[in-house]
Amino acid sequence: MQDGKRVVVERFCDSPLEAIDSAMKLEPMPAPDTSTLGPRDVVVAIRSAQVGWVDLLMTSGQYQHLPKPPYVPGLEWAGVVAWKGKDVAGLAEGDGVLVDGFLAGPRSLGEYQKYGGFASYGVAPAEAVMRIPGKLSFDQACCLLGNYETATHALVLRGNVKAGETVLILGASGATGLAAVHVAKLLGATVIAAGRSEAKLAVVKAEGADHVVTAGKMRDAIKAITGGKGVDVVYDGVGGEASLEAMRCVKFGARFLVVGWASTPFVAKQGSPNQLPTNLMMMKGLDVLGCPTVIATVMNPAIRPARLERVMKWAESGALVPHVSKAWPLEEWKDAMRAKWAGEIVGGGVLRP
């Protein structure tokens with residue numbers, strides 16, 4: 001193995017943009033010293049790493065599971081097996097693999113947390129290394145688990161979405177939002193996708209949404225689409241004004257899935273929690289359900305195997321294919337992270353070490 005490169009977060013900052021400008025750098029990376037690794041370790045030569053929203057939040061100390069700086073960002077990555085320990089079965093050098101971000105990388109909780117994907121190499125335990133399912137590329141594979149497990153946790157376990165129901169997805173052009181469009185369609189739902197950009201919504205429509213509506217103009221549009229009935233389920237990864245607007249677009253007894261709050265990213269630092277109207281919740285008989293995929297899985301690991309199996313089977317069969325709209329070489333990591341922060345990426349965006 002030859003030496004490579006990696007991006008390093010040297011300290012947390014007040015905002016991701018400040019971190020990008022002043023607290024991160026690209027530096028040489030020595031090839032992993034395999035004499036120091038264990039018999040079940042795997043070295044992956046990284047070909048693609050997702051540029052995720054959580055990667056940005058982490059740089060400002062705003063995620064529930066934080067690595068200790070200096071660390072390498074990049075929660076999810078895919079590549080080629082470059083070396084494997086003597087006790088690793090079922091994998092061979094040269095195999096195309098993806099790495100489970102729950103078990104290795106900045107979001108994991110153990111000794112493999114330091115191996116982020118914005119690097120030439122990563123190290124993971126054998127149980128975290130999976131063959132890439134179906135015909136997915138490296139770019140698609142590194143955009144699979146986090147996005148689609150989040151959507152599946154929210155829509156299946158929490159939302160109990162059934163075939164024939166109507167699901168409104170806020171922020172539908174984002175990575176988890178577009179994943180939710182795909183998953184809801186696989187569950188047999190009618191999907192109404194909401195966003196602010198007509199150009200991005202056109203991509204979401206091409207990716208399978210039945211209808212698209214513009215945020216700020218949802219109520220009348222959804223009334224027309226549903227014949228005045230409203231939607232059965234809202235998938236909300238946006239928060240803020242979009243949440244309030246969506247609550248006026250639901251049937252009585254609808255489920256409202258809180259998946260994130262991308263429109264108010266600094267709410268944790270501000271110390272003032274987001275608020276939703278209790279009068280609407282009561283009068284519409286809403287079930288408002290928090291959907292923190294990672295926290296829920298840490299609290300109860302037993303919920304994950306069925307979810308992971310479902311996502312991998314969908315991908316293996318070709319029923320599920322992540323949409324990747326932008327890619328950058330590792331040297332352009334600043335451009336990639338700024339594009340993610342600015343909402344310029346539809347679906348997945350990746351770095352290619």
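Start with R338: at 34% relative accessibility, it counts as partly exposed. On this scale buried means under 20% relative accessible area, exposed means over 50%, and partly exposed lies in between, with a 1.4 Å probe and protein chains only.

Before going on, note that this is a predicted model, in which local features need pLDDT of at least 70, side-chain atom pairs count only at pLDDT 80 or more, and totals for chains, interfaces and linings use all residues. Residues are numbered from 1 along each chain as its sequence is written, and side-chain values use heavy atoms, with hydrogens and water left out.

**Stop 1: around R338**

Select 333–341. This is helix α13, and R338 sits in it. Helices (H or I, at least four residues) and strands (E, at least two) are DSSP runs, numbered from the N terminus.

Now show the surroundings of R338. Which residues does R338 contact, leaving aside neighbours within four places in sequence? They are L17, I20 and D21. Contact here means heavy atoms within 4.5 Å. Zoom in on D21: its side chain and that of R338 are joined by a polar contact of 2.5 Å. A polar contact is a pair of N or O atoms within 3.5 Å; within protein, one must be able to donate a hydrogen and the other to accept it, and residues adjacent in sequence count only if both atoms are side-chain atoms.

**Stop 2**

β14, α13 and β15 form a right-handed β-α-β unit. Right-handed means that, with the strands pointing away from the viewer, the path from the first strand over the helix to the second runs clockwise. Turn the view to check.

β14 and β15 pair in the parallel sense over five bridges. Two strands pair if DSSP finds at least two bridges between them.

β15 has another partner to show. Strand β3 (residues 41–50) pairs with β15 in the antiparallel sense, over two bridges. There, A49 faces L351. Colour β15 by accessibility: four of its five residues are buried.

**Stop 2: the six-stranded sheet**

Show the open sheet with the strand order β10-β9-β8-β11-β12-β13; its pairing is parallel. Why does one side of β10 (211–214) and of β13 (287–290) lack a neighbour in the sheet? Each stands at an edge with a single partner strand, so one side is left open. The twist averages 20° from one strand to the next.

Select β9 (residues 190–195) with β10. The two pair in the parallel sense over four bridges, and A193 stands opposite V212. Axes are lines fitted to C-alpha atoms, for helices over the stretch in contact, and angles run from 0 to 180 degrees between N-to-C directions.

**Stop 4**

Select 145–158 for helix α4. Eleven of its 14 residues are buried. Among them are L145, Y148, H153 and L155.

Step on to N160, in the loop between α4 and β8 (166–169). N160 is not a glycine, yet its phi is positive, about 50°. Most residues other than glycine have a negative phi, and most peptide bonds are trans. N160 is partly exposed, at 44% relative accessible area.

Next, go to P69 and P70. A cis peptide bond joins them, with omega about -5°. P70 lies in the loop between α2 (53–59) and β4.

**Stop 3: D95**

Select D95, in the loop between β4 (77–84) and β5 (96–99). Is D95 buried or exposed? D95 is buried, with a relative accessible area of 14%. A 3.1 Å polar contact links its side chain to that of R131. Not counting residues up to four places away in sequence, D95 also touches G79, V80, V81 and G90.

**Stop 4: the cysteines**

Finish on sulfur. The structure holds zero disulfides, a disulfide being a pair of cysteine sulfur atoms within 2.5 Å. For C249, the nearest cysteine sulfur is that of C291, 19 Å away. C249 is buried at 4% relative accessibility, and C13 is buried at 6%.
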